[in-house]
Amino acid sequence: MLKQDHIKPEASVIIPCKNEGQNLKMTLDSILAASQDVSMGKLEIIVVDDGSDDGCGDFLKESGNSGGLRYISTPGLGAAQARNLGASTARGKYLIFCDAHITVPAGWPDNLLDGFKDASVDAVAPAIGSLENPAAIGYGQTWNEQLQVVWLPPPPQMKTSAAPLLPGGCVAVRAGAFWQVGGFDQGFIVWGHEDVELSLKMWLFGYRLYVDPAVKILHLFRNKHPYPVKMDHFHYNMLRLAYSHFNKERIEKVLGLINLSG
């Protein structure tokens, strides 16, 4: 890849990772193969290796800071803060947050960013399918009565449609909107609810979130994390979300749900 450091990219892809094994390379290879935007300077990729101990980012240590690809190593900030760190170094007008275990189609991310041609769109996510079962596809998310995240069905006529929650596996956000709402919650720990909290916060600020069903990425859905995540971490983040944004009645409901699950 050619050095394009003098060109300001249109978008920044931010990929946090921790103990991803070969998944990180799979993700980067897929993104680089899908578009010439990185080599042309229109797109930068920022990998935030958040305390991995499996060497998943070793292949980037020598060559990961040139040609539109940057590698940042941290001692373990947690999913929310790792994303914010990557965003703080980003130069793009749009921030695209991606998990380190996805594949993307040809023409990505140009097709996803086309959604921002509509000035009312502040964040947009693609349809997300399963790497192991590509026919299983979700089109954004919402909460059920137990405040569990559930996937939405295809929107009417498969048109770009508003969605309550956008999954963090792949979501593009206007950089200005992202920073106005404060980014991902800096107080969140380890993993859990960071993408949900960002979506909720953006809606509360009056921003609009959409899903583009014409763009589909594939995501590796795992049965367990490659690093320790305790229910205490998950519950802590949920309570922080509730106390930050909910009224007293809804906070009490969250406390009840946590007591039932605990």
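The model is a predicted one, in which local features need pLDDT of at least 70 and side-chain atom pairs count only at pLDDT 80 or more, while totals for chains, interfaces and linings use all residues. Residues are numbered from 1 along each chain as its sequence is written, and side-chain values use heavy atoms, with hydrogens and water left out.

Strand E4 covers residues 94–98; strands (E, at least two residues) and helices (H or I, at least four) are DSSP runs numbered from the N terminus. With strand E11 (residues 170–174), E4 pairs in the antiparallel sense over 5 bridges, where pairing requires that DSSP find at least two bridges between two strands. Strand E1 (residues 11–17) runs parallel to E4 and is joined to it by 4 bridges. Here Ala 11 stands opposite Tyr 94 in E4.

Of the 5 residues of E4, 5 are buried, that is, under 20% relative accessible area with a 1.4 Å probe, protein chains only. Tyr 94, Ile 96 and Cys 98 point one way from the strand, and Leu 95 and Phe 97 point the other way.

Turning to the helices, H7 (residues 231–245) and H8 (residues 248–261) pack at an angle of about 170°, their axes 9 Å apart. The axes are lines fitted to C-alpha atoms over the stretch in contact, and angles run from 0 to 180 degrees between N-to-C directions. The two helices are therefore roughly antiparallel, a term for angles over 145 degrees. In their contact (heavy atoms within 4.5 Å), H7 contributes His 235, Met 238, Leu 239, Ala 242 and Tyr 243, and H8 contributes Ile 251, Val 254, Leu 255, Ile 258 and Ser 261.

Technical notes. Parallel < 35°, antiparallel > 145°, perpendicular 65-115°, else oblique. Buried < 20%, exposed > 50% of the residue type's maximum accessible area, 1.4 Å probe, protein only.
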